[in-house]
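Take a moment with the chain shown here.

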Amino acid sequence: VGLTALSDRMTAEEASCVLNAHFAGLVACVETELGIVDKFMGDGMMAFWAESDVPDHADRAVRTALSIKRHAEACAAQSRQNGDLPLRIRIGVHSGSVIVGNLGAPDRVNYTIVGDTVNVAARLESFGRNIDASADAIILASEETVNRLSFPVAREPVGAVHLTGREALVDIWRLLGTELPAAVPAPEDPEADDA
C-alpha cells in the first residue's frame with residue numbers, strides 16, 4: 001500500500017530498488033518458517049506452506065505474518081524518520097485444500113497452487129483496506145486458520161463477512177501485535193545421517 005504515491009517521487013530504477021529491498025525482507029520472513037514464495041504479482045507476493053512438508057502450516061503462516069508485520073512497521077517508522085513516504089502492507093491468511101504442482105501450458109509451467117483457498121486468502125488481503133486504511137500493517141486471518149493454531153495470538157473479531165466472489169460468509173479475525181510465539185523447530189529429515 002502506498003507504492004504508487006512513493007513511485008511518483010522516484011525514478012523507475014529507484015522504485016525498483018525500494019520494492020526489491022521490501023520483498024527481500026518479506027522473503028526472509030517466509031523462508032525462516034519453511035514457507036514457499038510462490039510468486040510476486042506486481043507489488044504483491046504469495047507464499048504457502050504445504051502440509052506434507054510442514055504439518056504445522058497454520059502456525060508457521062501466522063508466525064510469518066506477525067514477523068512481516070513487525071518488519072513492515074519498523075521500515076515504515078524509519079521511512080517517516082527519513083522524511084519519506086512509508087510502504088504499508090496488508091496480509092491475508094487462510095488454510096484449506098489446494099492443488100499444488102507444475103501448472104501451465106506444455107512449454108511453460110510454473111510450480112504453484114490454485115483453488116478456493118488461494119482465492120479466499122487474496123480476498124482477505126484485499127478486505128484489509130476496509131478495516132484500517134491508516135495501519136502500517138494489517139493481518140486478516142480466517143477462522144479456519146485461527147482454529148488450527150497451537151498457540152494464542154492477540155486478535156479481535158472482524159465478524160462473518162461476505163467476501164467478493166464467495167457465496168458463503170467467512171469468519172475473519174484481525175491479528176494484532178508483533179509478539180512471536182516460541183520458535184518452531186524444523187521437521188527432522190529422516191534421511192539425515194546421525195552425527
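What percentage of the 195 residues in the chain do buried residues make up? The share is 37%. Buried means under 20% relative accessible area, exposed means over 50%, and partly exposed lies in between, with a 1.4 Å probe and protein chains only. This is a predicted model, where local features need pLDDT of at least 70, side-chain atom pairs count only at pLDDT 80 or more, and totals for chains, interfaces and linings use all residues. Residues are numbered from 1 along each chain as its sequence is written, and side-chain values use heavy atoms, with hydrogens and water left out.

Start with the overall fold. The chain has 5 helices and 8 strands. Helices (H or I, at least four residues) and strands (E, at least two) are DSSP runs, numbered from the N terminus. Read from that end, the order is α-α-β-β-α-β-β-β-α-β-α-β-β. The radius of gyration of the chain is 18 Å, close to the 16 Å that the globule rule gives for 195 residues, so the chain is as compact as a globular protein of that length. This radius is taken over C-alpha atoms, and the rule is 2.2 Å times the number of residues to the power 0.38. Along its principal axes, the C-alpha trace spans about 50 × 40 × 40 Å.

Now look at contacts, meaning heavy atoms within 4.5 Å. Take those between residues at least 6 apart in sequence: 60% of them join residues at least 24 apart.

Next, go inside. A nonpolar core is a set of buried Ala, Val, Leu, Ile, Met, Phe, Trp, Tyr and Cys residues joined through side-chain atoms within 4.5 Å. The largest one here has 24 residues. Ile68, Ile91, Val93, Ile139 and Leu175 have the most contacts inside it. H3 brings the largest share, 7 residues. A second, separate core has 9 residues, among them Leu140, Val161, Leu163 and Ile172.

Leave aside neighbours within four places in sequence, and Ile139 is in contact with residues including Ala65, Leu66, Ile91, Val93 and Trp173. Leu175 is also among its partners. Leu175 sits in strand E8. Why does Leu175 count as buried? Its relative accessible area is 1%, under the 20% limit. Beyond its sequence neighbours, Leu175 is in contact with Val62, Lys69 and Val146, among others.

Glu51 is in the loop between strand E2 (44–48) and H3. Glu51 is exposed, with a relative accessible area of 52%. Its C-alpha lies 24 Å from that of Lys69, 18 residues away in sequence. Asn119 belongs to helix H4 (residues 116–127). It is partly exposed, at 39% relative accessibility. Asn119 and Thr164 are 45 residues apart along the chain, yet their C-alpha atoms are separated by 9.6 Å.

Finish with a backbone detail. Most residues other than glycine have a negative phi. Leu34 has a positive value, near 60°. Leu34 is in the loop between H2 and strand E1 (36–41), and it is partly exposed at 36% relative accessibility.
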